[in-house]
Amino acid sequence: MSRYGMGLIVVTVLVVAAAAHSGLSSNMTVDSAKSALPEFSDEERGRIFDGIMRISDAPVTEMVAPEVADSLPEEVPMQELPTDIIHEIPLVRGHKFVKFDDRILVVSSTSRLVVAMIPRYKLLP
């Protein structure tokens with residue numbers, strides 16, 4: 001294989017890897033965006049919830065929360081996830097959170113896409 005052909009393969013692999021790492025491409029439909037969202041287990045969701053609830057000074061946003069796979073408006077500030085949560089749950093790397101009265105949103109820090117919604121109040125069995 002020529003040097004040009006090998007270089008083209010390397011560039012293609014890097015582009016595909018970058019697109020996979022970012023999670024979404026700019027021309028994805030809502031359905032394909034939803035299917036590309038990270039899947040957190042109940043245990044991981046509980047760990048994210050507990051970690052965020054320990055942050056006593058995290059502001060609570062006073063607007064209607066967007067749904068999963070919707071974009072968070074630019075005027076809504078995102079907060080950094082606790083470092084221990086990022087180390088424990090690698091799927092949250094590159095994400096931030098927003099606290100609302102009734103839920104916590106996990107949001108992509110680059111695209112502002114809501115990737116998960118975790119209720120703030122656990123239901124009793």
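1. Let's start with what covers helix 3: its buried residues lie under a set of elements that includes helix 4 (83-88), strand 3 (95-100), strand 4 and strand 5. The buried residues in question are R47, I48, F49, G51 and I52. "Buried" here means under 20% relative accessible area, with exposed over 50% and partly exposed in between (1.4 Å probe, protein chains only). Helices (H or I, at least four residues) and strands (E, at least two) are DSSP runs, numbered from the N terminus.

2. A quick word on where this comes from: it is a predicted model, where local features need pLDDT of at least 70, side-chain atom pairs count only at pLDDT 80 or more, and totals for chains, interfaces and linings use all residues. Residues are numbered from 1 along each chain as its sequence is written, and side-chain values use heavy atoms, with hydrogens and water left out.

3. Back to helix 3 itself. Its twelve residues, 42-53, reach 16 Å from first C-alpha to last, close to the 16 Å expected at 1.5 Å a residue; the expected span is 1.5 Å times one less than the number of residues.

4. In the largest nonpolar core, which has 19 residues, I48 and V92 touch the most other members. Helix 3, helix 4, strand 4 and strand 5 each supply at least two residues of this core. A nonpolar core is a set of buried Ala, Val, Leu, Ile, Met, Phe, Trp, Tyr and Cys residues joined through side-chain atoms within 4.5 Å. Leaving out residues up to four places away in sequence, I48 touches F40, I85, I89, V92, V106 and I118. There is also a second, separate core of nine residues, with L72, F100, V107 and V114 among them.

5. Why is strand 4 described as largely enclosed by the rest of the structure? Because six of its six residues are buried. R103, L105 and V107 point one way, while I104, V106 and S108 point the other way.

6. Strand 4 has partners to look at too. Five bridges join it to strand 3, and the two run antiparallel; a hairpin of two residues links them, and K99 stands opposite I104. Five bridges also join strand 4 to strand 5, again antiparallel. Here V106 has A116 as its bridge partner, and R103 has P119. Two strands count as paired if DSSP finds at least two bridges between them.

7. Have a look at R112, in the loop between strand 4 (103-108) and strand 5 (114-119). Is R112 buried or exposed? R112 is buried, with a relative accessible area of 10%. The hairpin has five residues between its strands, and R112 takes a positive phi near 65° there. Its side chain reaches the backbone oxygen of V76 at 2.5 Å. Setting aside neighbours within four places in sequence, R112 is in contact (heavy atoms within 4.5 Å) with D70, S71, L72, P73, E74, V76, M78 and V107.

8. Finally, zoom out. The protein has four helices and five strands, in the order α-α-α-β-β-α-β-β-β from the N terminus. Of its 125 residues, 34% count as buried. Among contacts between residues at least 6 apart in sequence, 56% join residues at least 24 apart.

Methods:
A polar contact is a pair of N or O atoms within 3.5 Å; within protein, one must be able to donate a hydrogen and the other to accept it, and residues adjacent in sequence count only if both atoms are side-chain atoms.
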